[in-house]
Amino acid sequence: DTIVSTETSMVVNQKNIISQTILSKADYNVDKVEINDNQAKAILVVSSPDILLLLEECADKATTTEDIFVLLEESLNGEYSEKEYKVEVNLEQNEEKWEVITNTELMNALYGGLIEEGQRIITEVLNNLAGGGNESE
């Protein structure tokens, strides 16, 4: 029981380190801003590591889940492919400064497509559990 807890703790810690590393590699530029009183919209161009490509490459080389984490962290500390996203965000004026109202599209861009892929996988699993059909088509 203690071994499982220790292993689980190590995996969670490794995931947190990788998550922070991915986020630290993201970069953005403000493309356009439209202001209307105390609210605004901005178009951001976000560049971040292409996590899906990196995960594929690491999974091809790894023999264990832990190997994937190690290889991914090594990849993020070296040269890697980037992906670019154009994201619209809402801004809200709070006293004298503008604050970004975070949305899923922005978080997905900052994390290199990981959130979108997670949603796709969950949708696929749920559709399979529900009989394989997609009712929205």
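With which residue does Lys86 form a salt bridge? In this predicted model, the partner of Lys86 is Asp31, and the closest N and O atoms of the pair are 3.4 Å apart. The pair links distant parts of the chain, with Lys86 in strand β3 and Asp31 in strand β1, 55 residues apart. Lys86 is exposed, its relative accessible area being 58%, whereas Asp31 is partly exposed at 46%.

The protein contains 5 helices and 4 strands, and its elements follow the order α-β-β-α-α-β-β-α-α from the N terminus. Of its 137 residues, 24% are buried. Among contacts with a separation of 6 or more, 60% are between residues 24 or more positions apart. The accessible surface amounts to about 9800 Å², and carbon and sulfur atoms account for 48% of this area.

Strand β3, which carries Lys86, pairs with two further strands. Strand β2 (residues 39-49) and strand β3 (residues 82-94) run antiparallel and are joined by 11 bridges; Leu44 lies opposite Val87 of β3. Strand β4 (residues 97-101) is likewise antiparallel to β3, with 5 bridges between the two. Here Asn90 has Ile101 of β4 as its bridge partner. The β3 and β4 strands form a hairpin in which 2 residues separate them, and Glu95 in the turn has a positive phi of about 60 degrees.

Strand β1 (residues 27-36) also contributes to a nonpolar surface patch, supplying 4 residues, the largest share. The patch covers about 510 Å² and is made by Tyr28, Val30, Val33, Ile35 and Trp98. Val33, a residue of β1, has a relative accessibility of 44% and therefore counts as partly exposed, the class between 20% and 50%.

The whole structure holds 5 salt bridges. Besides the Lys86–Asp31 pair, these include two within helix α5 that share Arg120. Glu117 and Arg120 meet at an N to O distance of 2.7 Å; both residues lie in helix α5 (residues 114-129), 3 residues apart, about one turn of the helix. Arg120 also forms a salt bridge with Glu124, with 2.8 Å between the closest N and O atoms. These two residues of α5 are 4 residues apart, again about one turn of the helix. Arg120 is partly exposed at 41%, as is Glu124 at 44%.

Conventions
Residues numbered from 1 in each chain as written. Predicted model: local features only at pLDDT ≥ 70, side-chain atom pairs only at ≥ 80, totals over all residues. Heavy atoms only, no water. Pairing = 2+ DSSP bridges. Patch = residues over 30% accessible without salt bridge, like charges linked within 9 Å, V, L, I, M, F, W, Y side chains within 5 Å. Areas by Shrake-Rupley, 256 points an atom, 1.4 Å probe, with all protein chains shown as cover. Salt bridge = Lys/Arg side-chain N within 4 Å of Asp/Glu carboxyl O. Buried < 20%, exposed > 50% of the residue type's maximum accessible area, 1.4 Å probe, protein only. Contact = heavy atoms within 4.5 Å.
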